[in-house]
Amino acid sequence: MGTQAENIGAYIVSLEHRYYGKSQPFSTLSAENLKYLTVENALADLASFQVYAQSEMKMNGPWIVTGGSYAGLLSAFYRLKYPFLVQGSLASSAPVRTQENFEEYDRHVSLVAGAECQGNIKKVVSIIEKSLKNPGDLKRIKKLFLAEDVVDPIDFLYLVADAASIAIQYGRQESFCNALAHSKNILKSYAAVAIQSFELFGITPLQDTFQFALDENPQTYEDSFGFRQWMYQSCTQLGYFQIAYHTSALSMRSKLIDLNYHHAQCKRLFGIQSPPETDAMMTKYLALLLNPKASSRIFFTNGTNDPWSNLSILPDVGEQINNNNAYSVMKDASHCNDLGDRSANFQVIEAKQRFKNLIAKWISE
């Protein structure tokens, strides 16, 4: 984004999302206090700031809104809801199809990993599942993962699955899978590369568990990421529950990671016992995104290796698209690949150039 902004002499304005980081309306993240954490309020915050910036900071030129992943969803929805404020939108890896059961995530990660790597990951999962019957064995395995503090065994299985998913989602499948392929002790090798995955994001294995998200102190999440806040959004509006795919041959996760497990986490963390309002979100936003009379000038970019692409809008997959928006599918690209500056992938470079051209077109119009 820095390069794109420099090309056209633009400012970059980045806002912290309500309830994340230091933007805390309350002293605790109790379920009651989190009730104002909604997509609608986040969009309204953006609009409120933009109007302020235009009137008080004299930032009156054309605005382009950008974002990747959840921020990509916000980018698309912002252009949809406030088209009079922004000229266009980049929605990179944007999961605009909100759904509760996101088993396609597991399937996609398995396919990108390849049969050999998937098999090695399943071996590790099987070893850990068997250890659940022997507390001593499970304790020894947790120690390998630096996860002795993780109490619930399925929480532990989830972080084991997440370590592989993080590596593959962000284009590190080769190094992750090679570590397993050339290993004499597959469990130790998996633990080592899992710890590396977490270290890249500056978190510990415990911080990638629902146990960690029980903490209601906002300061707990300032130096890691807003796991509790994100789970509240998942449990109320977005879903995105990453569960084991129903066909074992296309799954890497333990079958114990299912929809019931995720429902239990929503109850455990917030006392929420009803499913997230994903259908209402789809009705409110997706239907309009697909309507050419309601939506235009949104550029959806997705990588073929990105599991989140299953929830975006893709051309040429037999589903309805809106031709007033633009689309790029980048072969072998990973999650939000086009937002970075280092990729040598030709199709990623091409998508960046296309966005540059679209900016010029939107501004001129």
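Guide: What follows takes the labels one at a time, on a model that is predicted.

Visitor: How many disulfides does the structure hold?
Guide: The structure holds two disulfides. Counting bonded cysteines along the protein chain, their pattern is 1-2, 3-4.

Visitor: What makes the link of Cys117 to Cys177 a disulfide?
Guide: The S to S distance of Cys117 and Cys177 is 2.1 Å. The cut-off is within 2.5 Å, so a pair of cysteine sulfur atoms at that distance counts as a disulfide.

Visitor: Which parts does the pair of Cys117 and Cys177 tie together?
Guide: Cys117 belongs to helix H5 (residues 115-131) and Cys177 to helix H8 (residues 173-181), so the pair ties together parts 60 residues apart in sequence.

Visitor: Why is the disulfide of Cys117 and Cys177 called left-handed?
Guide: Because the torsion about its S-S bond is about -80°. Both Cys117 and Cys177 are buried.

Visitor: How far apart are the sulfur atoms of Cys235 and Cys266?
Guide: They are 2.0 Å apart, and Cys235 and Cys266 form a disulfide. Cys235 lies in helix H10 and Cys266 in helix H11, so this pair ties together parts that are 31 residues apart in sequence. The link of Cys235 and Cys266 is left-handed, with -85° about the S-S bond.

Visitor: Why does Cys266 count as buried?
Guide: Because its relative accessibility is 3%, and buried means under 20%. Cys235 is buried as well, with a relative accessible area of 1%.

Visitor: What is the relative accessibility of Cys336, and is Cys336 buried or exposed?
Guide: The value for Cys336 is 16%, so Cys336 counts as buried. The cut-off of 20% applies here too.

Visitor: At what angle do the axes of H10 and H11 cross?
Guide: The axes of helix H10 (residues 227-238) and helix H11 (residues 259-270) cross at roughly 125° and come within 10 Å. That angle makes H10 oblique to H11, because 65 to 115 degrees counts as roughly perpendicular and over 145 as roughly antiparallel.

Visitor: What is the handedness of the crossing of H10 and H11?
Guide: H10 passes H11 in a left-handed crossing.

Visitor: Which residues of H10 and H11 meet?
Guide: From H10 there are Arg228, Met231, Tyr232 and Cys235, which meet Cys266, Leu269 and Phe270 in H11. Six residues of this contact of H10 with H11 are nonpolar, none is polar and one is charged.

Key:
Residues numbered from 1 in each chain as written. Predicted model: local features only at pLDDT ≥ 70, side-chain atom pairs only at ≥ 80, totals over all residues. Heavy atoms only, no water. Axes fitted to C-alpha atoms, helices over the stretch in contact; angles between N-to-C directions. Helix = DSSP H or I, 4+ residues; strand = E, 2+ residues; numbered from the N terminus. Parallel < 35°, antiparallel > 145°, perpendicular 65-115°, else oblique. Left-handed = near helix turned anticlockwise from the far one by under 90°. Contact = heavy atoms within 4.5 Å. Nonpolar A, V, L, I, M, F, W, Y, C, P; charged D, E, K, R; others polar. Buried < 20%, exposed > 50% of the residue type's maximum accessible area, 1.4 Å probe, protein only.
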